[in-house]
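Dear colleague,

Please find below the sequence and structure that I am passing on to you.

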Amino acid sequence: GQAQECLLEKSMLDNRKSFLVARISAQVVDYYKEACRALENSETASLLGKIQKDWKKLVQMKIYYFAAVAHLHMGKQAEEQQKFGERVIYFQSALDKLNEAIKLAKGQPETVQEALRFTMDVIGGKYNSAKKDNDFIYHEAVPALDTLQSVKGAPLVKALPVNPTDPAVTGPDIFAKLVPMAAHEASSLYSEEKAKLLRDVMAKIEAKNEVLDQFMDSMQLDPETVDNLDMYNHIPPVLMEKCAALSVRPDTVRNLVQSMQVLSGVFTDVEASLKEIRDLLEEDEAQERKLQELLGRVPPAPASPPGLAEVSKECSKYLELHEKASFTNTELHRAMNLHLGNLRLLGGPLEQVRAALPTPTLSEDDKQVLQNLKRILAKVQEMRDQRMSLEQQLREMIQKDDITTSLVTTDRSEMKKLFEEQLKKYDQLKVYLEQNLAAQENVLKALTDANVKYAAVRKALAEVEHKWNTTVQTLVASYEAYEDLMKKSQEGKDFYTDLEGKAAKLLERARAACQASEAHRQQLLESPEGPGAPPEPPAAPPASSSSSLELLASLTPEAFSLDASLKGKQRMNKQNFLQAQPGEGLRAPRPSDDPLSMLDPLWTLNKA
């Protein structure tokens, strides 16, 4: 009945013909009537107990419900055939049967109640519409329901008998694992024998593995890196990235060199300007000292005019900045010279980069030693893998080994013999494991001999690898330093450009201040010293090409000579002229017969 009900629902969803749907629904009614008769049987009633009444009520409700569905679709069929009287009687019958179904549905779930209410809305609407149309429009006679042809069901399903012992129907036997307690005890004893066997084998394996691990750690031989000769045949990826980056910027080296050249030019210009300022200040200071010497005073520290003092202070500040920046500039040029060759190499062909990387040079004997070591290391790894595989096989066999069935049928006195026979299945694996463990000593001895021969080759390969890594790191560092060099170079150019402008302005100020100081000295040399000064001597012919200081410098005692008439007079030398002592030189008593003895040769510069 339920299977036919599913087909009915499918037919209604597919909008099949009303007559076909009515026949399928009539067959559902027939199946549920058979089920209701089976529930009324005394044997079934005694077997089901209290639920028999509930099931019977549910089946009866379904009988009325699907009979209503069948008559509903028969009414639709009559409507399609324009038999309006038959349509009314079928809809009325469907409404009556649905009311009976609603009466029997008390206590059913809400979903059932909702389905019944929906069906009532449909059938009630159909009946009211059909009755009204027939009463007012068609006026056909409404026949009795028993005079109409009954609806024959259309069986579309076939009932199959159920075998209670079929596992596909009943599922696995829940009592299959129930065994006698003696068999459980014997199985526990057998499990302990298997665990003891596994513990013994695993103790031997772990001892050998510990020795092998300690030996390999002391040898420091990694099978993956012991032969890294292929590494030297290729440029490392990190270096390839740098080469690719420079290949799209071919002007890298030229830009760096040009930037450093511009920096050097500005540096030189600043240095020249500051040197010129310093020379001007030193020249002015020398001229000031010379003037003091010519005035005959003890030369004090020359007091610079205010303009020169400011120029000197700023010049000292700029020289200090220049000195500090000069060290940075020198370091920057040194770094550029250090990385310039590497940058040219990275920007060149890849063959040159590969040629610049160091590569090991091994003789045929060295290669043979290396191959022998690799072969023995491969044997060590093979021994490890085989040992792990045998251990895994042993564990799986022990886990899957279940002799409960045999223990149930075996006498207690025969248990020990059964255990011994069952444990023999592990003998083959134990032999393989023992052979593997015994071979370890020979393999390690061969590895020791090979490692002794490999020592020299290992040292050479380690040195080449260190050089190779250092070269790669240096090239990468040079690439990464390029941006920093360009940035520092630009900062240096900006600094020196600013300093150059300040130095140029300071040079102009220094020149102006020195010219003012020179004019002041000229004024001192050319003007009289005030009201008490002696009369001005006859003016000497003007010298067209020498200054007053140069003229005074030429008036030295060595330039004078005395004739024979003056031989009795006192002769003056340079020492007496510049450093006269009391009673000597100009300060000596003057003879009365010398008309010029009272004349001070430096009268123009001698101030009180």
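The notes below describe what was found, beginning with the whole chain and ending with single residues.

**The model as a whole**

Please bear in mind that this is a predicted model. The mean pLDDT of the chain is 75, and 74% of the residues reach 70 or more. Confidence is highest in helix H13 (residues 364-400), at a mean of 89, and lowest in helix H17 (residues 548-554), at 42. Two stretches call for caution. The pLDDT is below 50 over residues 298-304, a stretch with 6 contacts in the model beyond near neighbours in sequence. It is also below 50 over residues 594-608, where the model has 22 contacts beyond near neighbours in sequence.

The secondary structure of the chain consists of 18 helices and 0 strands. Of the 608 residues in the chain, 31% are buried. The chain exposes about 39600 Å², and carbon and sulfur atoms supply 54% of that area. Among contacts with a separation of 6 or more, 82% are between residues 24 or more positions apart.

**Record annotation**

The unreviewed UniProt entry lists residues 267-297 and 373-400 under "coiled-coil region". In the model, the span of residues 373-400 is 100% helix and 0% strand, and its end C-alpha atoms lie 41 Å apart.

**Salt bridges**

Side chains of opposite charge can pair when their charged atoms come close.

The side chains of Arg87 and Glu79 meet in a salt bridge, with an N to O distance of 3.4 Å. Arg87 is buried because its relative accessible area is 5%, whereas Glu79 counts as partly exposed, at 33% relative accessibility. Both residues also belong to a network of salt bridges that links Glu79, Arg87 and Asp133.

A second salt bridge joins the side chains of Lys131 and Asp135, at 3.1 Å from N to O. Lys131 and Asp135 are 4 residues apart in helix H6, so about one helical turn separates them. Lys131 is partly exposed, with a relative accessible area of 37%, and Asp135 is partly exposed, with a relative accessible area of 37%.

Lys425 is partly exposed, at a relative accessible area of 37%, while Asp401 is buried, at 10%.

**A nonpolar patch on the surface**

Phe136, Ile137 and Tyr138 form a nonpolar patch on the surface, and together they have about 360 Å² of accessible area. Tyr138 is found in helix H6, which covers residues 110-138. With a relative accessibility of 36%, Tyr138 counts as partly exposed.

Gln422 is found in helix H15 (residues 415-423). Gln422 has a relative accessible area of 18% and is therefore buried, the limit being under 20%. Leaving aside neighbours within four places in sequence, Gln422 is in contact with Tyr190 and Ile403. Gln422 and Tyr190 are 232 residues apart in sequence, yet their C-alpha atoms are 9.1 Å apart in space.

Gln515 has its place in helix H16 (residues 427-526). Its relative accessible area is 60%, so Gln515 is exposed. The C-alpha atoms of Gln515 and Leu280 are separated by 10.0 Å, although the two residues are 235 residues apart along the chain.

**Points to look at again**

- The stretches below 50 in pLDDT: residues 298-304 and residues 594-608.
- The nonpolar patch of Phe136, Ile137 and Tyr138.
- Gln422, in contact with Tyr190 and Ile403.

With kind regards

Notes:
Residues numbered from 1 in each chain as written. Predicted model: local features only at pLDDT ≥ 70, side-chain atom pairs only at ≥ 80, totals over all residues. Heavy atoms only, no water. Patch = residues over 30% accessible without salt bridge, like charges linked within 9 Å, V, L, I, M, F, W, Y side chains within 5 Å. Areas by Shrake-Rupley, 256 points an atom, 1.4 Å probe, with all protein chains shown as cover. Salt bridge = Lys/Arg side-chain N within 4 Å of Asp/Glu carboxyl O. Helix = DSSP H or I, 4+ residues; strand = E, 2+ residues; numbered from the N terminus. Buried < 20%, exposed > 50% of the residue type's maximum accessible area, 1.4 Å probe, protein only. pLDDT = per-residue confidence, 0-100. Contact = heavy atoms within 4.5 Å. UniProt positions renumbered as here; feature names shortened; annotations may be inferred.
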